[in-house]
Amino acid sequence: MMKRDECFKVLARHRTDEIVVAVYQAAQEWIHISPSDFNYTFTGAMGQGSSHALGLALGRPDKRVVVLDGDGSLLMNLGSLVTIANAAPKNLIHCVCENGTYETNGAVPIPGVNRLSFTALARAAGYPKSYEFDKLEDWEREVGKVLKEDGPILVDLKVTPGEQYPEDFRRLYSIEFRDRFRKALQK
Amino acid sequence: MELSANEIIKEIKRADIRFVVALPDRTTSEHLLKPMLRDPELKVVQVCKEDEGVSICSALYATGHRALLLIQYTGLLDSINSLRGGAIEGQNPVCMMVGLLGKEPGVAPTQSKRYGLRIVEPILDAMGIEHHLIEQPEDVTKITPAVARAYERSLPVVLLIGREPR
């Protein structure tokens, strides 16, 4: 298992100009680890990160879109796997931070913990590629290649909580930052 | 008097909408959604659940595109939390065209015999979401200004389709 923030630091080192959609705990950490106007955290309701990422990928096919989804979040919107596979955006990389719990809501285990496979679900839904990483060195070695591959790709990141980062839900859903994102895209 | 599906599609295009996010509804499938799927000027994104569509439309707005979410009223009811967070609190101009399956012709939705239909407008009012009934031929002209207003205010709008367009 990887510490989530260490896993994100690896991704941040390989990031160029990708849009990154992040939800809940991942978002709280990502905005500190890789601050950018191309961070999109305005997903509105639990489970909706993958759908926002699809909209961004379809609206800007010239840019790569990475979504840092949660396992509980994706379970709330499993149909989006089929929707994404059907729309088949080549520029979308769907990372699931699998920690096995609803971490933001009391760390209660998700249903199916240690039994379900997100990569199997994605492949069955029609994602052409999927990966699982549970060792930081493997993720470090492969992430650059994964970021360049045609999507949609599902990447299951097996993580545990790492360092504590300050929570700021108002920042995550800020209209001001959403407008900054829109302006950054227009440049 | 019939509601013209062709006129509705023309108004949608006049409103600069090129993305349609859809889940089939019997009221609109045959004469709106199927022609849209064949229309090279429109890109239709099919979703598995309507709340996905609220998010996809919001994100398309962030990229500078206008989109329409074409669904049934039951899907609207199922999407309330996504509308709450994504469209209202997130201030996204999510434009929805919502089929009122089973509404009696000429009867106001709040007067319908069907409970599910009667509650639609009061729920939208409670949420502060602007809505318009598109049922008579002349109602089609409400579409373009309603979409324009949604984008001006950066807030959602619901266009309720009161009878099957032909």
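Modeller: Happy to, and keep in mind that this is a predicted model. Chain B has eight helices and six strands.

Biologist: In which pattern does chain B run along the sequence?

Modeller: Reading along the sequence, you get α-β-α-β-α-β-α-α-β-α-α-β-α-β for chain B. Its radius of gyration is 14 Å, close to the 15 Å that the globule rule gives for 166 residues, so chain B is as compact as a globular protein of that length. The C-alpha atoms of chain B fill a box of roughly 40 × 35 × 30 Å along the principal axes.

Biologist: How much of chain B is buried?

Modeller: Buried residues make up 49% of the 166 residues in chain B. Buried here means that 20 or more other C-beta atoms lie within 10 Å of the residue's own. As for contacts in chain B with a separation of 6 or more, 77% are between residues 24 or more positions apart.

Biologist: What about the strands of chain B, in what order do they sit in the sheet?

Modeller: The order is β2-β1-β3-β4-β6-β5 in chain B, an open sheet of six strands with parallel pairing. At the edges stand β2 and β5 (130-134) of chain B, each with a single partner strand, so one side of each is left without a neighbour in the sheet. Neighbouring strands of this sheet are turned by 20 degrees against each other on average, ignoring direction.

Biologist: Can you zoom in on one pair? How many bridges join β3 and β4 of chain B?

Modeller: Five bridges join β3 (residues 67-72) of chain B to β4 (residues 95-99) of chain B, and the two strands run parallel. As an example to look up, Gln72(B) has Gly99(B) as its bridge partner in β4(B).

Biologist: Switching to the other chain: what is the secondary structure of chain A?

Modeller: Chain A comes to nine helices and nine strands. A compact globule of 187 residues would have a radius of gyration near 16 Å, and chain A agrees with that at 15 Å. The box filled by the C-alpha atoms of chain A is roughly 45 × 35 × 30 Å along the principal axes. Of the 187 residues of chain A, 50% count as buried.

Biologist: Which residues of α3 in chain A are buried?

Modeller: Helix α3(A) is mostly covered, with 11 of its 11 residues buried. Among them are Gly49(A), Ser50(A), His52(A), Leu54(A) and Leu58(A).

Biologist: And α5 of chain A, what covers its buried residues?

Modeller: The buried residues of α5 (residues 79-87) of chain A are Ser80(A), Leu81(A), Val82(A), Thr83(A), Ile84(A) and Ala87(A). Their cover includes α3 (49-59), β5 (92-98) and α6 (118-125) of chain A, together with β2 (43-46) and α3 (50-62) of chain B. Just after α5(A), Ala88(A) takes a positive phi of about 55 degrees.

Biologist: Last one: is Pro35 of chain A buried or exposed?

Modeller: Pro35(A) counts as exposed because 10 other C-beta atoms lie within 10 Å, and the cut-off for exposed is 12 or fewer. You'll find Pro35(A) in the loop between α2 (24-33) and β3 (39-40) of chain A. The C-alpha atoms of Pro35(A) and Ala12(A) are separated by 9.3 Å, and the two residues are 23 residues apart along the chain.

How values were computed
Residues are numbered from 1 along each chain as its sequence is written. Chains are lettered from A and ligands numbered from 1 in the order in which they are written. This is a predicted model: local features need pLDDT of at least 70, side-chain atom pairs count only at pLDDT 80 or more; totals for chains, interfaces and linings use all residues. Helices (H or I, at least four residues) and strands (E, at least two) are DSSP runs, numbered from the N terminus. The radius of gyration is taken over C-alpha atoms; the globule rule is 2.2 Å times the number of residues to the power 0.38. Two residues are in contact if their C-beta atoms, placed from the backbone, lie within 7 Å. Two strands pair if DSSP finds at least two bridges between them. Axes are lines fitted to C-alpha atoms, for helices over the stretch in contact, and angles run from 0 to 180 degrees between N-to-C directions.
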